[in-house]
Amino acid sequence: MQDILAISNLSKTYASGFVALKNVNLAIRRGEIFALLGPNGAGKTTLINIVCGIVNASAGRVNVDGHDIVRDYRAARALIGLVPQELTTDAFESVWNTVSFSRGLFGKSANPAHVGKVIKALSLWEKKDNKIITLSGGMKRRLMIAKALSHEPQILFLDEPTAGVDVELRRDMWQLVRGLRDTGVTIILTTHYIEEAEEMADRIGIISKGELILVEEKNELMRKLGKKQLTLQLQRPLAQMPPGLDPRDLALSSDGSELTYTYDAQGARIGIAELLKDLADSGIQFKDLHTTQSSLEDIFVSLVTDRSKGP
């Protein structure tokens, strides 16, 4: 799949000396949904702001569909839509005029049909003549997306798009984002809701302390880094771990009623078969078993925690 965004050796150091980004390299594929995860202060918003021309990089290059964001900034910026974290709009302007004005800022000619299509797609049609001050928080979030889509961008940045909105609206926005991707728009989102990335993203990037520590296909990331657990409910409680059983991947519950085996998804059958044989040889019987697998949140927390410990 062709890349639409290429970030090379990107760094940002602020005047205070704070290093927000360190030598970031990232290629975004045309038509994908890419989720950028990281704790507060990791550099997610700085990265987005540099690509969108809001912040100047200290070093490195960014190309948007072949356009350098410095040398050819007008063409590059016209291909990008940004939905920032903060809701910044003219409170006393109408929904329709706000979206139309945003389109004009990019030198696009008036297109009431497109403006109407965007407003309808975001369930704002009934509010198109209302002043923004009368809208709910969720509607204002939808309006920010409408503004970002007003000039028909090829790349849409969503910086914490569902922050502060209810679960139902969050689901609606997920559906909207998938619909945009289906029309060919490339989506790059940052989010604190790990399930949002797990639900929607094609690929995951994890950034910590300004460094991009991992970029991986979501399914491959889950396969490679996701751990599984097999929990066995025992027929009779054990006072202690039987001799001969490997304690490294096996844990006995405090009341002795359960044994939990943690293993890699790869090679699982061999490990489980050996475990069950060892249990049988030790005379241990179980009455039930179930398995669980690491979520993306577990993987994210593990990676960031390991990174924060340093060498």
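Let me begin with a term: a residue is called buried when its relative accessible area is under 20%, exposed when that area is over 50%, and partly exposed in between, with a 1.4 Å probe and protein chains only. What we have here is a predicted model, in which local features need pLDDT of at least 70 and side-chain atom pairs count only at pLDDT 80 or more, while totals for chains, interfaces and linings use all residues. Residues are numbered from 1 along each chain as its sequence is written, and side-chain values use heavy atoms, with hydrogens and water left out.

Helices (H or I, at least four residues) and strands (E, at least two) are DSSP runs, numbered from the N terminus, and two strands pair if DSSP finds at least two bridges between them.

I will take the sheet before the helices. Four strands form an open sheet in the order E2-E1-E4-E5, and their pairing is antiparallel. At the edges lie strand E2 (19-29) and strand E5 (67-68), each of which pairs on one side only. Five bridges link E1 and E4 in the antiparallel sense, and in that pairing serine 8 has arginine 61 of E4 as its bridge partner. Strand E4 (residues 59-64) is joined to E5 by two bridges, again antiparallel, with valine 64 standing opposite histidine 67 in E5. The hairpin of E4 and E5 has two residues between the strands, and there aspartate 65 takes a positive phi near 50°.

Which helix is largely enclosed by the rest of the structure? That is H1, because seven of its eight residues are buried, among them Leu47, Ile48, Ile50 and Val51, but also Lys44. After H1 comes glycine 53, with a positive phi near 80°.

Now to the other helices. In general, two packed helices are described by the angle between their axes and the distance between the axes. Axes here are lines fitted to C-alpha atoms, for helices over the stretch in contact, and angles run from 0 to 180 degrees between N-to-C directions. The axes of helix H3 (residues 95-105) and helix H4 (residues 112-121) come within 10 Å and cross at roughly 120°. H3 is therefore oblique to H4, since angles under 35 degrees count as roughly parallel, over 145 as roughly antiparallel, 65 to 115 as roughly perpendicular and the rest as oblique. Where they meet (contact means heavy atoms within 4.5 Å), H3 contributes residues including Trp96 and Arg103, and H4 contributes residues including Pro112 and Ile119.
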